[in-house]
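Have the model open and follow along.

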Amino acid sequence: MASPSEFDIIQRYFSFSQDNTFPSASVSSSAQSIDSESQAIVAIGDDAAVLPVSENPLVIATDTLIEGVHFPYGFAAEAVASRAMGVNLSDFAAMGAKPRWLTMALSLPNADAEWLEKFSRQFEQQCKQYQVQLIGGDTTKGPLSISLTVLGETDSGQSQLSDSVRSQLAAIRPNLLDDKAICLRRNGAKAGDDIWLSGSLGKGAAALALISADDIDLHCSEADKTQLINSFNAPQPRLTLGAALLGLANSAIDISDGLMADAKHIADQSQVKIIIDGEALPINAALKNYSNQAQLQEWVLAGGDEYELLFTVPAAYRSVVQSIVEWLAVDCTNIGSVEAGRGVTLVGEAWQANNKSGYTHF
Ligand code: ADP
Ligand code: MG
């Protein structure tokens, strides 16, 4: 018998604290959904939990990186630090939330002073860059792993945006859908939405192949290879894009498990059908000369580690997304549409044979 997926495990064993939030969450994204003091606004099933502890709800997300699973053995200490930070903050980007504090549970095989010096220096730099404060954690002896819990706030005031972008958005905001939105959710996609993707695809899996296998030839320049490896070592969480999408996007998720798998989370939780056009997918520029098409398609559709935002916006607001792209200088591509129905369908002649479902941990 096939072993259960991580999603089966979470749903079967750990979703006891809520009635039906996973996989088909029923809580709306508006502040009005706080129905009692103790009830989580968002619990298991989204990129982060949202709790009504004050006027400004608290946002919490945890992610663990294990040597040999989430990064290769011998990975540079600096890269462990920046990858852990990028991966964790990406969940905040997917919620349109603002990270403020974090705790770190670190398991180390030995107290290697040189490693710890490099790791901590990079981690400190990352905390400064993203303006988050390390407030606690746990340090133990064991296989190398790092687990961060990020705490922060909902950001309905869009404080992560520059004054100029915030005011330009404010000028169009009254026309937008939900001016009470406190966070982005996986469960709000609606028929008639476009589905958008930030950045490009294929880079996560291609970088991992470059790092792990010496014999792979991507037919790209040294500069391209460096760009791929940098994006793996230090994923850039799309925090400002997430903040800008508040009140505009009906749904959002970050791509950690693979495009098709993460699109399915939106489709399942929103109870809609997502159509993805393979021909429209933005493949990372470093991979344009890579000749193994089957491998490339697999990386693009099922490769994890992209940390891009996948989000849906009513087709009527296409031009607003295009303005955000310009203001933030973050590329976003319209890769398909949302319809009534269920599941994720891939169209595009060259792509249909390749309905990949994404990385599963078990
Ligand atoms: P992501 O890829 O965005 O980090 P995951 O796929 O890891 O999200 O998790 C999906 C959802 O399940 C999240 O809401 C997460 O908080 C929740 N979850 C994962 N593992 C557990 C667990 N052991 N107990 C309770 N909730 C969990
Ligand atoms: Mg996520």
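Phenylalanine 119 counts as buried, at 2% relative accessibility; buried means under 20% relative accessible area, exposed over 50% and partly exposed in between, with a 1.4 Å probe and protein chains only. Phenylalanine 123 is buried too, with a relative accessible area of 3%.

## How the model is read

This is a predicted model, in which local features need pLDDT of at least 70 and side-chain atom pairs count only at pLDDT 80 or more, while totals for chains, interfaces and linings use all residues. Residues are numbered from 1 along each chain as its sequence is written, chains are lettered from A and ligands numbered from 1 in the order in which they are written, and side-chain values use heavy atoms, leaving out hydrogens and water.

## Ring pairs

Searching the whole structure gives seven aromatic pairs. Rings of Phe, Tyr and Trp (its six-membered ring) pair if their centres lie within 6.5 Å; planes under 30 degrees apart count as stacked, over 60 as edge-to-face and the rest as tilted. Phenylalanine 71 and phenylalanine 75 are stacked because their ring centres are 5.5 Å apart and their planes lie at 25 degrees. For phenylalanine 119 and phenylalanine 123, the centres are 5.8 Å apart and the planes at 15 degrees, so this pair is stacked.

## A cluster and a charge

Phe71, Phe75 and Phe232 form one aromatic cluster. Within it, phenylalanine 71 is buried at 2% relative accessible area, and phenylalanine 75 is buried at 10%. Arginine 83 lies over the face of phenylalanine 232, 4.0 Å from the ring centre; a charge sits over a ring if NZ of Lys or CZ of Arg is within 6 Å of the ring centre and within 35 degrees of the ring normal.
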